[in-house]
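The sequence and the coordinates are shown first.

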Amino acid sequence: MARYVVDVMPKPEILDPQGKAVLGALPRLGFAGVTDVRQGKRFELELDGEPSDEALAEVTKMAETLLSNPVIEDFEVHVEVLAEAAGKHKA
Amino acid sequence: MKIGVVTFPGSLDDVDAQRAVRIGGHEAVALWHGDHDLRGVDAVVLPGGFSYGDYLRCGAISRFAPVMTEVVEAAGRGMPVLGICNGFQILCESHLLPGALIRNDHRKFVCRDQRLRIENNRTAWTSAYDEGAEVTIVLKNGEGGFVADEPTLDRLEGEGLVVARYLDDNPNGSARAIAGITNDRGNVVGLMPHPEHAVEDLTGPGTDGLGFFTSLAAATFA
């Protein structure tokens with residue numbers, strides 16, 4: 001089993017009102033020095049089988065087709081090795 | 001004419017749209033998102049609401065609803081398709097119209113009577129209006145900010161594909177105050193405000209929205 005992570009972010013030139021709202025809230029909570037916040041989405045997809053280039057290409061297609069809108073968003077895909085698959089368990 | 005109104009899970013304005021279709025002099029046909037069937041209609045309205053709970057992105061999941069296969073195919077053949085609010089978002093997600101709709105720049109839901117200018121009366125849905133007509137219809141959206149890259153915006157302006165533009169205040173941060181656009185052929189129209197809520201004097205700000213539902217008889221089948 002392999003986990004593929006798709007990070008979707010609004011394109012830099014697209015206004016991000018949610019990020020702006022978070023940016024406005026932080027100083028009110030006493031967090032200083034934050035100059036910008038952009039809010040995106042993270043998808044974790046678990047696929048059968050070992051990580052492979054074919055599966056990565058397939059996930060990339062999913063990201064282009066459904067998970068992101070290329071008009072307003074950019075995305076990145078990467079593979080995460082699952083702890084279980086590596087025989088490790090978190091305490 | 002038979003005008004189909006698609007109901008998705010989470011559609012809100014499908015019944016109002018059906019009523020507006022009837023007041024406009026047509027037969028309203030209820031279409032279901034899960035059917036691969038347009039039931040022989042001559043035109044389709046994708047109504048407002050929050051289909052699929054606006055999950056992922058507004059319109060992103062509806063775009064892949066079974067009925068949309070037929071809607072996209074029929075639009076390609078020239079069938080008139082009007083997307084209102086959430087319907088506009090679905091048309092953009094379906095790539096039947098360029099651009100996208102994002103959260104209002106002021107981050108608040110807006111609900112008001114909105115003045116618009118009809119800038120293109122050569123579409124299947126706007127031929128009942130005079131070009132440049134100023135109308136007041138209901139606007140209600142949380143994610144109504146129209147965006148597209150600059151070349152796309154220039155093309156929309158240059159080719160007269162902007163159907164309606166906001167007058168007075170820009171209510172949601174739309175690029176160039178664009179309220180509605182059409183495709184090259186003029187059969188597909190997306191509009192953020194709600195003409196179906198302005199078809200009777202009893203409710204809403206007047207009857208300025210009725211033209212969207214009477215245009216079909218005047219234009220497409222003249």
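The model is a predicted one. In chain B, strand β1 spans residues 2-7 and is mostly covered, with 5 of its 6 residues buried. β1(B) pairs with two strands of chain B, β2 (residues 27-32) and β3 (residues 43-46). The pairings are set out in the table, each with one of its bridge partners.

| Strand pair | Sense | Bridges | Bridge partners |
|---|---|---|---|
| β1(B) and β2(B) | parallel | 6 | Thr7(B) and Trp32(B) |
| β1(B) and β3(B) | parallel | 3 | Ile3(B) and Ala43(B) |

Helix α1 of chain B covers residues 14-23 and, together with β1(B) and β2(B), makes a right-handed β-α-β unit.

The largest nonpolar core contains 70 residues, and Val44(B) and Val45(B) are those with the most contacts inside it. Which residues does Val45(B) touch, leaving aside those up to four places away in sequence? Val45(B) touches Ile3(B) and Val5(B), Ala17(B) and Val21(B), and also Leu82(B), Ile84(B) and Gly87(B).

Between the chains, 13 residues of chain B are in contact with 9 residues of chain A. On the side of chain B that touches chain A, 5 residues are nonpolar, 3 are polar and 5 are charged.

Notes. Residues are numbered from 1 along each chain as its sequence is written. Chains are lettered from A and ligands numbered from 1 in the order in which they are written. This is a predicted model: local features need pLDDT of at least 70, side-chain atom pairs count only at pLDDT 80 or more; totals for chains, interfaces and linings use all residues. Two residues are in contact if their C-beta atoms, placed from the backbone, lie within 7 Å. Ala, Val, Leu, Ile, Met, Phe, Trp, Tyr, Cys and Pro count as nonpolar, Asp, Glu, Lys and Arg as charged, and the others, Gly among them, as polar. A residue is buried if 20 or more other C-beta atoms lie within 10 Å of its own, exposed if 12 or fewer, and partly exposed in between; C-beta atoms are placed from the backbone. Helices (H or I, at least four residues) and strands (E, at least two) are DSSP runs, numbered from the N terminus. Two strands pair if DSSP finds at least two bridges between them. A crossover is right-handed if, with the strands pointing away from the viewer, the path from the first strand over the helix to the second runs clockwise. A nonpolar core is a set of buried Ala, Val, Leu, Ile, Met, Phe, Trp, Tyr and Cys residues joined through C-beta atoms within 7 Å.
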